[in-house]
Amino acid sequence: MRLSFSDPPASASIALRRHWCLTAKLWRMLVCGLLVTLAVTPPASASHLPPPIQQALATAGIPEESIALFVQPVNSPAPLLAWNAEAPMNPASTMKLVTTLAALELLGPAYTWKTEVYAGGPVADDVLHGALVIKGYGDPKFTLERLWLLLREVRARGVRIIQGDLVLDRTYFAVPPLDPGAFDGEPYRPYNAGPDALLFNFNAVRVSFVPEPASGRVRVYAEPRPAGLEIENRLRSGPGPCHDWEPRFHATVASDWQRARIVFDGRYPEGCGEKSESFSVLANSQLFGDVFRQLWAELGGRLEGGVREGQVPDEAQLIVASKSPPLAEIVRDINKFSNNVMARQLFLTLGAHGFGPPATPETAARAIKAWLWQNRLDFPELVLENGAGLSRIERVSARHLGELLTRAWNSPTMPEFVASLPLAGVDGTLKKYMRANSAHGQAHLKTGYLEGVRAIAGYVRDSTGQRHVVVCFINHPNAGRARPVMEAVVQWVHEGGHRCCAD
């Protein structure tokens, strides 16, 4: 660009001529400064992907139009790299970042859930003359241990014999019936468990396997072990490394959600030592009722009635309430280990918080979008189904998720949020990633994994100590081969490829 400033007319006064020259000089300084800024500022969108990423995509058989990338220093107003960044993409479990950040800001890191126990009649001489009612408020981590502690408190308050029913109040959420096998044909996998206002133990039982080399047997036990669950153990132990035990190990499940039978068959390599696997094979209310009866009997109590669903009567008296761990701890579990059912519980909690109970997926989505709008974040392409990313229809762009992560870096809840993300090569879902990569231990990233989808999103520290927001989505049938692509993106950022290769 060439600038030209004509001289002032000869007839102009000395003062006017001085003013004219000063103005021209200031304009030249302003324009030159602008040109220098443009020369050193990296572009918001590269004309091509960095070579290491191009090579990784070619090796994986993934076309460049199937990847969306967004890279931006946390203290910069503009991205270093934005490739296909405006395209609505399926983010898989990186959608949990939207849900958890919204929760930290709307509810606060110290937020807790409660589970209440009510007496539906008078208590006298250790006898409750009526029903015992347990009301849930969506606690994502109401585990076996916490139920046991809660029932101990009920016993300590003078209740031993319950003459009425055990009533489970699940009305804080109003969710449509869920077919747990509809998503991927795996109905007994815990990640497919549906949300519930009185969710118990993630609606799962943990089955442990203990090889006994001397006898060639494998001891199998479940915790909890509900009355409705039958286990048939046909496993045999034998020599062999642990990495290949799963292909030789079979679990056949038959369940009508009220009763279930699991048959374990095959060879269990002794090199595995003790292992465990979780199964979701009973309806949540069935699992809760079965385990309640067991624990109550172990505590010396007796339930004379049945187990049913209902609501807390107006005349019922609160006996005791249990508090969950704080939200900061719940968010860590959700993001580190990509816990889907906990994310769905949190999602619905936002609906109840924003619009009152009973919470629905629709009110939860409205609550998050209202929070975004209040923070001047307009994401028109955003589609929320369950807030966990276990969805074929959820969508967000790499740019907008990147903008949200940039905002999160300056949020008061940033320490809790960033600490909830897996650390590359160290823990959570990134434990086995980037162990031989220079970015080992240098990136906090949430992963996303679905058939045809791979994603990472979070923060990468480069070799100079500068942190960058990084979002990478791949939506393609060959996404299962994309791990080297993700690692190439992270390594490129960490090693500072953007400083020499931005176009």
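This is a predicted model: local features need pLDDT of at least 70, side-chain atom pairs count only at pLDDT 80 or more; totals for chains, interfaces and linings use all residues.
**Strand E22 and its sheet**

Ala 457 sits across from Val 471, a residue of strand E22.

Helix H9, made of residues 398-409, touches E1, E2, E21 and E22, and its direction makes about 155° with that of E22. Helix H11, residues 483-494, also packs there, with contacts to E1, E2, E20, E21 and E22; here the direction makes about 15° with that of E21.

As for the sheet itself, it is an open one of 5 strands, lined up as E2-E1-E22-E21-E20 with antiparallel pairing. The edges are taken by strand E2 (81-83) and strand E20 (443-450), each of which pairs on one side only. On average, neighbouring strands are turned by 10° against each other, leaving direction aside.

Now for the partners of E22. On one side, strand E1 (residues 67-73) runs antiparallel to E22 and is joined to it by 7 bridges; within this pairing, Val 71 stands opposite Val 470. Strand E21 (residues 453-461) is also antiparallel to E22, with 9 bridges between them, and Val 453 faces Asn 475 of E22. E21 and E22 form a hairpin with 5 residues between the strands, where Gly 465 takes a positive phi near 95°.

How much of E22 is buried? Of the 9 residues in this strand (residues 467-475), 7 are buried, meaning under 20% relative accessible area, so E22 is largely enclosed by the rest of the structure.

Methods
Residues are numbered from 1 along each chain as its sequence is written. Side-chain values use heavy atoms; hydrogens and water are left out. Buried means under 20% relative accessible area, exposed over 50%, partly exposed in between (1.4 Å probe, protein chains only). Helices (H or I, at least four residues) and strands (E, at least two) are DSSP runs, numbered from the N terminus. Two strands pair if DSSP finds at least two bridges between them. Axes are lines fitted to C-alpha atoms, for helices over the stretch in contact, and angles run from 0 to 180 degrees between N-to-C directions. Contact means heavy atoms within 4.5 Å.
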